[in-house]
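I opened my notebook to look up a few features of this model. Here is what I wrote down, entry by entry.

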Amino acid sequence: MTDLLVRWTHGGLPEKQYRADLALIDELCQAMSLTSICGLGQIVPAPVQSVLKHFREEVDAHVLKGKCPSGICFTAAARAGEAQRVGIRP
Amino acid sequence: MSTISRLPELVEITIDGRPVQVAAGTSVFDAARMNGTPIPTLCHLQNEMPVGVCRLCVVDTGARVLTASCVRPVEPGMKVVTNSEKVLNARKTLLELLMADHPSPCARQEKSGDCELETLARAAGITQPRFAKRTVSRGIDDSSLAIAVDHDACILCDRCIRGCDEIKNNFVLGRMGKGYSAGIAFDLNAPMGDSTCISCGECMVSCPTGALTNKTLVGTSIATGPDAQGFEAEELLQLPVFKGVSGTFLELNRGAIVKRRFHPGEIICREGEFGSTAFYILEGKARVSLSAPMAHVKTQGGAKGLFKKLTSTLAARDTDIRAEETRDRTIPIDASVDLAYGNPVAELGPGDLFGEMTCMNFYPRSATVIAETDVVAFEMLRNVLDIMMKNKSFRAQIDQNYRRRALENHLRGVPMFADLSPDFIEHLKESVELQRFAPGQVIARQGDAANSFYLVRIGFVKISEIYPGGELVLAYLSRGDYFGEIGLLGGGVRTATCTALDHVEVVRISGDDFRDMMDRFPSVRQGLEVVAAERAAQNQQRMQTVRSVPIDQFLSQGLMEAQSLLILDLQNCTRCDACVNACADAHDGITRLVREGLRFEQYLVATSCRQCRDPLCMVGCPVGSIRRRNSLEVIIEDWCIGCGLCARNCPYGNINLHPFEVMVEDLERPGRKKAVVKQKATSCDLCTHLKEPSCVYACPHDAAHRVDPRTFFSEMLGGGTAK
């Protein structure tokens, strides 16, 4: 899941790939919350599911167009900080 | 009194809308399997404790999340759904995740085509996993001579770890690392070849994927003869009896199992022969019989002396019946049936396994098996039999055969149980439990609470008691014997330790059933109580003597173990050999006494059965013909097949095999008889038909005596401390 989400943060993903990823993430979230052996595992997908449910337009804008409606992401400063946190090279 | 109440409580659940009843405590996984709805799994093996880590066996029980069925016991009213879209989707995603990291095809898939993960993934229609492949390899470990390790193919199901720890108790395998680098490790993550691993192969047999596979080093093969047909692992996996067996194991052992065809009249195995294989009948019928003539080495008494011919004969059984043999008895053999004493013939059919004792414990074959129709059978070596026995459904089938065919004979063969009513035996058929023990394993320990009664089915059990300064062997029990009644009838505490000497299988009757039996059949109770009291008194007496006799060189000569010694006082003996002649006269020209042996002070301990307390000779007799009844002497029953094992086992050379010429049915040409030489084991029978042993009676100088060594030597040894 991390792999998929990190790819999204780069922005500019083709729409077809994005749709496929969304379906995959949905399946994965279902499987994790239903079958995890541990309570922590069952709750791991919750933030992702919550974001996709309530902030879908913002996610779409980020991933497809590489734009941040709130003007926070994709600035140099944000990219540097974000890169450090999730382990991607800026 | 109802016996139903004592059966395990039944629980009613619904599986995919179908109501089923299973015993309380059963896992949902087993409940579904037994009712024809197998649930896929990767981490659960029938012979290991379930852990529920692969999550593939999840089912919907109506809870917030899905439940791993292998670790979930059934609950009354539970509604289980094993195949809804929700469940199937979750399983598919899990398989896809596993497949993303799986080096497909893995070593096992390549070699024997039975990687469990790849099989399941293919069934779920997963070809190209959408998840990213693992970027960091966990590597391979090629350091072991016998087993190849591919850490990348490992799915962390822990089956190998449980096999190593729970089954083999080697405790070599464990887990290491976290996250992506988590994997199995030998010792403290040493290369397998450098670890304390003994290459037993259990991990490889347990592994569902190609993470642990065999490196074929040496080929075993029993596929000899024109009618033998060897197998490829793939072919074997198709057969129902090998369901769930690891393909990599079968590939390693493909020479250890062959399919043989026998024509009508062909001999499959012969009694007395040594072997190392077991047979499993697939098609056809076979006749199992004892061809050793049912006859005694005839004893005529010492009176006729001079004019008796010196050759001895075997008296036909019906002309010379020993008084104590008149009751019905069965002869235990190495198959799922017992043979009746009067007519030792039985039939085996498809699904019967025989030769198990020969295969597991390397005892001689106990009976002759001849094909009656065209017979197709598997012949297998021990490792294959072992792995088949781990398969629960195969075990259940074998157990069922035993319950159906031999249990009743087995129970009725014990004289005390002759009065059991048919309905109670039917009840026992359902409720007894068959248990297996490995060599050295303790079945019941002295001092433990007694809650079951055991009948020995296969192998030998040592009954021993702990006394200050050591262990005292009270008896060796073999098929047809029983133990555990003293603890149950007495204070509910085990009075002795029962240990498996070899691969032992026992029938366990629960304490409840046993008490029920006691209540319903007072005659059984009486009989058992008498025997239990006798056994207890004997044991008590032994303990007393053990405490009172000084143990020095006496022990070193093994005299301690004897119950009755033939001693010759050398100060009186003139070496006239009258004792030996008398013995020969009493036993049709065959002496069972040799006037030589070890010396103890002025006494010569002659070579003649000592009736040991610890009768090693009894261990291993494939037909249970050498045994002790409820008396002192060790008796060789007349169904002895002459294999000679007891003679080799006797440390003192007191058992000898004598050849007798007899006419028997020619197995190769039915209907005709031929003269053969049959061996029978003989040993001193204490001339039970006479007042005292002939040798003692015949000694003109009062030099020969049959004595209890402990009382006889105690004054000499320790200044009269014996009581």
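I started with Asp577(B), which lies in the loop between β32 (565-569) and α18 (578-586) of chain B. I kept in mind that the model is predicted. I looked up the backbone angle next. Phi of Asp577(B) is near 70°, a positive value, and the residue is not a glycine. I noted the general rule beside it: most residues other than glycine have a negative phi. Then I asked: is Asp577(B) buried, exposed or partly exposed? I found 13 other C-beta atoms within 10 Å of Asp577(B).

**Entry: another positive phi**

I moved on to Asn189(B). It has a positive phi of about 60°, and it is not a glycine. I placed Asn189(B) in the loop between β9 (183-186) and α6 (202-206) of chain B. For Asn189(B) I noted 13 other C-beta atoms within 10 Å, so this residue is partly exposed.

**Entry: a cis peptide bond**

Which residues does a cis peptide bond join? I found Ser104(B) and Pro105(B), with omega at about -5°. I wrote down the general rule again: most peptide bonds are trans. Pro105(B) sits in the loop between α2 and α3 (107-111) of chain B.

**Entry: a sheet of four strands**

I looked up an open sheet in chain B. Its four strands run in the order β13-β22-β15-β20, and the pairing is antiparallel. Why is one side of β13 and of β20 left without a neighbour in the sheet? β13 (267-269) and β20 (345-348) of chain B stand at the edges, and each has a single partner strand, so one side of each has no neighbour there. I noted an average twist of 30° from one strand to the next.

I then took one pair from this sheet. Strand β15 (residues 286-289) of chain B pairs with β20(B) in the antiparallel sense, over four bridges. I picked out Val288(B), which stands opposite Ala346(B) in β20(B).

**Entry: where the chains touch**

I finished with the two chains. How many residues of chain B are in contact with chain A? I found twelve, and they meet eleven residues of chain A. Helix α2 (residues 85-100) of chain B gives the largest share of chain B's side, with four residues. I sorted that side by class: seven residues are nonpolar, three are polar and two are charged.

Note on methods: Residues numbered from 1 in each chain as written. Chains lettered and ligands numbered in written order. Predicted model: local features only at pLDDT ≥ 70, side-chain atom pairs only at ≥ 80, totals over all residues. Contact = placed C-beta atoms within 7 Å. Helix = DSSP H or I, 4+ residues; strand = E, 2+ residues; numbered from the N terminus. Nonpolar A, V, L, I, M, F, W, Y, C, P; charged D, E, K, R; others polar. Buried ≥ 20, exposed ≤ 12 C-beta atoms within 10 Å, placed from the backbone. Pairing = 2+ DSSP bridges. Axes fitted to C-alpha atoms, helices over the stretch in contact; angles between N-to-C directions.
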